[in-house]
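Subject: Structure handover

Hello,

Here is the structure I promised to pass on. Please open it beside this email, and then read my notes below.

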Amino acid sequence: MIKNIKELKDALEEKINTCSKVFITPHIGPDCDAIGSAIALNIICNKLGKEAFIIIDDKREKMDNSVKMIIDELPDSINIITSIDALKFLDDDSLLVVVDTNKKDLIPFTYVEAFKNIVVIDHHKPGITSIETDASYIDINASSACEIMYQLMILFSIKLDHTKTLEEHHMPSNICNYLLSGIILDTSKLTKNVTARSMDVVAKLLKKGANMNYANDLFLDDFESDMRVSNLVSKTVWKMFNIGIAMNNEYPDTIYFKEDLAKVADWLIKYKATDASFALGYIEPGIVYISARSKGGVDVGEIMSQLGGGGNECSGAARIVSNDIKSLRLKLDDVIRPGYKLK
Ligand SMILES: [Mn+2]
């Protein structure tokens, strides 16, 4: 276990310098925090003169718009490859860095044991499926992986505000905006999980040229998505008066985007009377996704962990292989009861 950011910097530097190449993997279904931190790590590798590859298997059509926009503007120096391609040229001296998750089942491949050297950088609670490595840095007080990555980049003396330096090193000049977007996303626009340090990082990113409008534009809703979200919100059933559960009972086979379900849970938690909210639906045939939110009084991460997912007190999710969403809905009812302990 790595205890502080300085130790993480030293461990990373040593491991990157001594490895043959670096494979960076964000979680399946990468969001802005995951992709932002993966790019930041790629820049650190470039700075140390090491070849790096970001492993993403998600199909472009399935990707979140904000992530697509970021990927589209990346320079050629950032290599995104699939896990099958990665397998072709990984060797005994390859280093794997997992960002924005610490769980085996949330990374795109199952050959994690093929790596002798693994670093985990995350801000989610560890659980039974956590990747085993001595070089694991998990700061659950950090708002986001991007908050951690910003501090790391500073320790690596990377000049984020120097567009020319970034260009010379073929680094994406928009990196400050990517990091800001990751923080904005994971804090629900700076309203949740925000500490003095998060705000400090945000202030420094803005000073270095990040632009709030970039992040806001990235997260603009499109009409179709908003209609799917409000439609699902209207199907919410209230349990024990203050737990909202949204599911499409009428057309249970409807396929949603993961982000739609997150938005529904976000929507329901904004009401004064809501203690916790859950939104569930298929994200592809045979895969049910549950997004959960709480104001902190109901530990939704704990509730989600009982369904094979995870998270923290305020935010959680689970991805379940199932063709029977209706019985999952009942199972959710069962696990909410014991988890419903208001502080
Ligand atoms: Mn995150």
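Start at D226, which sits in helix α10, the helix of residues 223-233. Please keep in mind that this is a predicted model. Is D226 buried or exposed? D226 counts as exposed, because it has 12 C-beta neighbours inside 10 Å and the cut-off for exposed is 12 or fewer. Now look from D226 to V264. The two are 38 residues apart along the chain, yet their C-alpha atoms are separated by 9.6 Å.

Stay in helix α10 for N231, which lies there too. N231 is partly exposed, because 16 other C-beta atoms lie within 10 Å. That count falls between the limits of 12 or fewer for exposed and 20 or more for buried. From N231, look across to L206. These two are 25 residues apart along the chain, and their C-alpha atoms are separated by 36 Å.

Next, the domains. The protein is divided into domain 1, residues 5-218, and domain 2, residues 223-339. How far apart do the C-alpha centres of domain 1 and domain 2 lie? They lie 27 Å apart. Domain 1 gives 10 residues to the contact, and domain 2 gives nine residues. On the side of domain 1 that touches domain 2, five residues are polar, four are charged and one is nonpolar.

Now the helix pair. Helix α5 covers residues 145-155, and helix α7 covers residues 175-186. The two pack at an angle of about 145 degrees. Their axes are 7 Å apart. Which residues of α5 meet α7? They are A145, C146, E147, M149 and Y150. On the α7 side, the partners are L179, G182 and I183. By class, this contact of α5 with α7 has six nonpolar residues, one polar and one charged.

Follow the chain on from α7. The loop between α7 and α8 (196-207) holds K189. N193 lies in the loop between α7 and α8 as well. Look at the backbone of each.

- K189 is not a glycine, yet it has a positive phi of about 60 degrees.
- N193 is not a glycine either, and its phi is positive at about 55 degrees.

Which of these counts as partly exposed, and why? K189 does, because it has 13 C-beta neighbours inside 10 Å. N193 is buried, because 22 other C-beta atoms lie within 10 Å. The cut-off for buried is 20 or more.

Last, the strands. Strand β10 (residues 287-294) pairs with strand β12 (residues 315-321). The pairing is antiparallel and runs over seven bridges. To find it on screen, pick I290, whose bridge partner in β12 is A318.

Strand β12 also pairs with strand β11 (residues 310-311). Here two bridges join the strands, which run antiparallel. In this pair, G310 stands opposite A317 in β12. How many residues does the hairpin from β11 to β12 pass through? The hairpin joins the two strands through three residues.

1. D226 and V264, with C-alpha atoms separated by 9.6 Å.
2. The contact of α5 with α7, including Y150 and L179.
3. N193, the buried residue in the loop between α7 and α8.
4. The hairpin that joins β11 to β12.

Best wishes

Key. Residues numbered from 1 in each chain as written. Predicted model: local features only at pLDDT ≥ 70, side-chain atom pairs only at ≥ 80, totals over all residues. Axes fitted to C-alpha atoms, helices over the stretch in contact; angles between N-to-C directions. Helix = DSSP H or I, 4+ residues; strand = E, 2+ residues; numbered from the N terminus. Contact = placed C-beta atoms within 7 Å. Nonpolar A, V, L, I, M, F, W, Y, C, P; charged D, E, K, R; others polar. Domains from an automatic or database assignment. Pairing = 2+ DSSP bridges.
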